Amino acid sequence: MPIEELSEDLTKVPTAHPAVRFDRVTKRFGDHTVLDGLDLEVARGERVTLIGPSGSGKTTILRLLMTLERVTDGVIHVDGQPFSHMPGRTAGKLVPASERHLAARRRRIGMVFQQFNLFPHMSVLENVVEAPVHVLGEGREEAGLRARELLDLVGLSDKVDARPTRLSGGQQQRVAIARALAMRPEILLLDEVTSALDPELVAEVLDVLRDVARRTDITLLCVTHEMGFARDVSDRILMFDGGRIVESGPADALLDAPGEERTRAFLSSVR
Ligand code: ADP
């Protein structure tokens, strides 16, 4: 397929606003504070990887963006608009977004999880076509053409008619990537996408994601323990510990010459 067309398609008109802005975001589960007044900005088209020990709040950040969790305090903005909130009755006052608003906003964000969760009774193509047709209201023919392009991008042109259960874990995860992109998300979230895979299948999935990163302008937020991948795809790496950013910097600088002891300790634990 003409890749130029795909990258055109996924490129959004640049604006002055960051793609994502966390403004003093706090998230508590009961009396456990996971994020404590977090400020975070991700520019349009930027690729940011979150690293840090287990339990440091990385997945919670992705789940807040996916509207799977609600903020306890603070506001999340996407493309300069309140995302976690909406204007209240009183002028200038924001209130937590209603379920209906959150559902609409959720469509702007794509997410690929550890578990691929494909529909086993549908073909690979139908898995990718399903959401654009039923959620975005695209025509079946148009959605089918685009699904084929995306399956080509992830190297699965020859598997469009296969059932997911006949595919390897790596191939299933590549279908999940195509399915996420089919929704034309502004932001793609990748949460430990290779953790559930056998080691020999990790490389093919990471290669596909490197390709997606290279050929599109999509804003990317990743959580991964694959430091080689983080280095290749990220403009910036953020090191988290205890729900706070310990250190942040360009991928090479942070990985090769971390300034903080906690970053050094974490990196030596995953290498
Ligand atoms: P990471 O992705 O860095 O491993 P998480 O964001 O998954 O960290 O989790 C951060 C903390 O929040 C952990 O202590 C975890 O137990 C807690 N947590 C996450 N989700 C929930 C939940 N739904 N209920 C209670 N605690 C949670």
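Predicted model: local features only at pLDDT ≥ 70, side-chain atom pairs only at ≥ 80, totals over all residues.

Trainee: Which element gives the most residues to the shell around the ligand?

Mentor: The ligand is surrounded by several residues, among them Phe-29, His-32, Val-34, Lys-58, Thr-59 and Thr-60. The elements that contribute two or more residues to this shell are strand 2 (32–42) and helix 2 (58–65). The most, three residues, come from helix 2.

Trainee: How many residues of helix 2 are buried?

Mentor: A residue counts as buried when 20 or more other C-beta atoms lie within 10 Å of its own. In helix 2 the buried residues include Lys-58, Thr-59 and Thr-60, and these three also belong to the surroundings of the ligand. The helix is mostly covered, and the number buried, out of its eight residues, is seven.

Trainee: Why is strand 3 largely enclosed by the rest of the structure?

Mentor: In a regular strand, side chains alternate between the two faces of the sheet. In strand 3, Arg-47, Thr-49 and Ile-51 point one way while Val-48 and Leu-50 point the other way, and all of them are buried. Strand 3 is therefore largely enclosed because the number of its residues that are buried is five of the five.

Trainee: Which residue of strand 11 is the bridge partner of Ile-51?

Mentor: Strand 3 is joined by four bridges to strand 10 (residues 219–223), running parallel to it, and there Leu-50 stands opposite Val-223. Strand 3 also pairs with strand 11 (residues 236–241) in the parallel sense, over four bridges. In strand 11, the partner of Ile-51 is Met-239.

How values were computed: Residues numbered from 1 in each chain as written. Near = placed C-beta within 6 Å. Buried ≥ 20, exposed ≤ 12 C-beta atoms within 10 Å, placed from the backbone. Pairing = 2+ DSSP bridges.
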